Structure formats: structure tokens, C-alpha cells
Amino acid sequence: LLSDPIFYLSGWFGFIVHSKMHTSSKSLFQCRSRTPFVSLKSRVVQGKKKTSSWKNSSTRRTHPLVVSASIKPEKVASGSVSFVLLAGGVGKRMGANMPKQYIPLRGQEIALWSLDIISALDEVGEVVVVCDPSYEDVFTGAQDKGLCHGKPLTFAAPGAERMDSVENGLSACDESKTLVCIHDSARPLVRPDDVRKCMQDAKTHGAAVLGVKCKATVKQAQPVGDDGLVMVAQTLDRSTLWEMHTPQIIEPQLLKRGYAHVREVGAEVTDDVSIVEAIGEPVIITEDSYENLKVTTPEDLVAAEGILDSRAATVTA
């Protein structure tokens, strides 16, 4: 057996494989250890405190692809958040004679439910409503009723696309605020605790969005011919898919830098954190409630009424 050349060759091959695996594992460990998950907000360099900036963001905390659960959450200061409420949509799928956000929901316009909920948070310092001027009286009336909770109210005009409306709202914000909280007025059922958690994640990491894990199987499709027929291209891994909600909360300077980039390259995005993704910055997903639905169809309106009734029953029980 010892004189068999195959024995020697197989033994030598095994040694090489083992050595390669050991080296690779060691390299992987060393690579990971080079980027410790520590706060980069401030550091001391040559005896002087220096504020660190990763990609020009004022508070970048970690490697862009990995977020450590050990990072201490940063507190969101009172009055430090600009709340931008998007209320300029048309809402064609609702089939109503007015934009969906102004349809009554249990005696109050849909848009005013989230106005009340988010404006009441101590972290919010101002309210900017993006809407058609013909509907501004809806919000000034709500302010008179106390639904802005004493926060100053400003208006901005809607744009041709969502990203244009958000940019208009951002331009109307107080530049001293450290976060901008962008919310779709057609989501009346957001919970204050979820918004607060999203604010905290955005303060800690730069950008955060409420979202829920996909419950349905999602398939990518492709058209077949010109008659509208489609076929399955592939089935996506549901365990990696999340449905995005609002609010989407971002550092204003980070969002402005993202806008400068997407305008330069001519890109179009359908949600706010996509602008942050476009410049390679990380976005945290803060797990939301499935109740935070978007009222888009008559069926959604019925579901929203049911959720509100259930909440009311819970409070009175």
C-alpha cells in the first residue's frame, strides 16, 4: 500500500485541500475582523476629538452591508424631526370623485388620521403637507381642531411624480431638523410606537423604513406576445422579500445627496429610500404591523374600518 502512487497522490491532494480551507477560513475571519462593528460618529485623533463622516453623512455608524445588533441606538431629540405628509395623489383605483386620501374614514378624512398620529409624537417639530392648494383648507381646519398638536404647519406643491413631491416637501423643511419623516397619507393606521422605532433606527443608521415580511409567494413575470399574456419567469425566495411601508425616515442631507445623484443620472424611483440606495448607503428595515395598510381600493377602505373598530373595542374593553 505504501508503494502505491495513488495513495501518495490522494494524501497529498487531501493535505492541499485542508491547507486551502484553513487559509480561506483564516482570511475570512481576518477580513471580518478588520471592520469591527463600532460607532463611527466620533473618535479621538492625535488628542483631538474629530467627527467622522462616512460618505459625507453626519452620522454613519457601520459597514454599509452589515448592521450589528450591538450598536447602541441613538436618542431622537424632541422637535428634531420634520414630518412630511404626502397628500397630492389622485387615487384612480378607488373610483371616487375625489382623491382617496380625502375620502371619509369613520367620520374623518383618511389623510387626517396619520396627521394626528405622527404630529402627536414629541420628536416631531414641524409638519409639511404636500398637497394641491385646493385641499389646503382640509389641513388648516385640522390644525384648528388640534390635530397638528401645536406643531407649525407648512405646505408644498405636489410634483409630477412621487419623487418630485418628496423633493418639494424636503425643500420646505426647516434645515435645522436632523431627520425627515415621509409618510403616505393613504396609510391611516400606522402605530406611533412603530414610527418611534423607525425614527430611532434612522437616527442610528442614517435611513430606515417600516416594512413587513412578504406572506405571499412572489413570482417574476415576463410578457408573452402582444395580447397581454404573461408567464412565470422565476419564483423569488420569499424569505428574503419585504413589503415596504411608510414612514420612510432619512437624514435630510443624505436624502439631498441622493437626489443630486438620481437627477444627475436621470433615474426614477418609486419610494424614498431607493434614493438612498442609489448612492450606496444602507437602509434599515424596521418591522411594521400588517395593519399599516395603504387604502387604495374600496376593499381596503372596508378593511381599514374593521381595524379601527377593533382598536376602539380594545380600548373600551
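How many bridges join E10 to E11, and do the strands run parallel or antiparallel? Five bridges join E10 to E11, and the two strands run antiparallel.

## Basis of the model

This is a predicted model, in which local features need pLDDT of at least 70, side-chain atom pairs count only at pLDDT 80 or more, and totals for chains, interfaces and linings use all residues. Residues are numbered from 1 along each chain as its sequence is written, and side-chain values use heavy atoms, with hydrogens and water left out.

## Overall content

The protein has eight helices and 13 strands. Helices (H or I, at least four residues) and strands (E, at least two) are DSSP runs, numbered from the N terminus. Of its 317 residues, 39% count as buried. Buried means under 20% relative accessible area, exposed means over 50%, and partly exposed lies in between (1.4 Å probe, protein chains only).

The protein exposes about 17800 Å², and carbon and sulfur atoms supply 56% of that area. Accessible areas come from the Shrake-Rupley method with a 1.4 Å probe; for residues, only the protein chains shown count as cover. Among contacts with a separation of 6 or more, residues 24 or more positions apart account for 74%. Contact means heavy atoms within 4.5 Å.

## The seven-stranded sheet

An open sheet is formed by seven strands in the order E7-E6-E3-E8-E12-E9-E13, with mixed pairing. Two strands pair if DSSP finds at least two bridges between them. Strand E7 (153-156) and strand E13 (284-287) are the edge strands, each pairing on one side only. From one strand to the next, the twist averages 30°.

Val 209 has Ile 285 in E13 as its bridge partner. Helix H5 (residues 192-205) lies across E3, E6, E8, E9, E12 and E13, and runs at about 135° to E9. For such angles, axes are lines fitted to C-alpha atoms, for helices over the stretch in contact, and angles run from 0 to 180 degrees between N-to-C directions.

## The hairpin of E10 and E11

The hairpin of E10 and E11 has six residues between the strands, and Gly 225 takes a positive phi near 80° there. Ala 221 stands opposite Val 232 in E11. Leu 229 lies in the loop between strand E10 (219-223) and strand E11 (230-235).

Leu 229 also belongs to a nonpolar surface patch of about 250 Å², together with Val 224 and Met 231. Patches are made of residues with over 30% relative accessible area and no salt bridge; like charges are joined within 9 Å, and nonpolar side chains (Val, Leu, Ile, Met, Phe, Trp, Tyr) within 5 Å.

The structure holds 11 salt bridges. A salt bridge is a side-chain nitrogen of Lys or Arg within 4 Å of a carboxyl oxygen of Asp or Glu. Arg 263 forms one with Asp 164, with the closest N and O atoms 2.8 Å apart. This pair links distant parts of the chain, since Arg 263 is in helix H6 (residues 252-265) and Asp 164 is in helix H4 (residues 162-171), 99 residues apart. Arg 263 also meets Glu 167 in a salt bridge (2.5 Å, N to O). Arg 263 in H6 and Glu 167 in H4 are 96 residues apart.

Arg 263 is partly exposed at 38% relative accessible area, Asp 164 is buried at 17%, and Glu 167 is partly exposed at 24%. The buried residues of H4 are Met 163, Asp 164, Ser 165, Val 166, Gly 169 and Leu 170. Their cover includes E3, E6, E7, E8 and H6.

Asp 184 forms a salt bridge with Lys 294, the closest N and O atoms being 3.1 Å apart. Asp 184 lies in strand E8 and Lys 294 in the loop between E13 and helix H8 (298-316), so the pair ties together parts 110 residues apart in sequence. Asp 184 is buried at 11% relative accessible area, whereas Lys 294 is partly exposed at 30%.

Arg 187 is found in the loop between E8 and H5 and is buried, with a relative accessible area of 8%. Not counting residues up to four places away in sequence, Arg 187 touches Ser 114, Met 244, His 245, Thr 246, Asn 292, Leu 293 and Lys 294. The C-alpha atoms of Arg 187 and Ala 111 are separated by 7.7 Å, although these residues are 76 apart along the chain.
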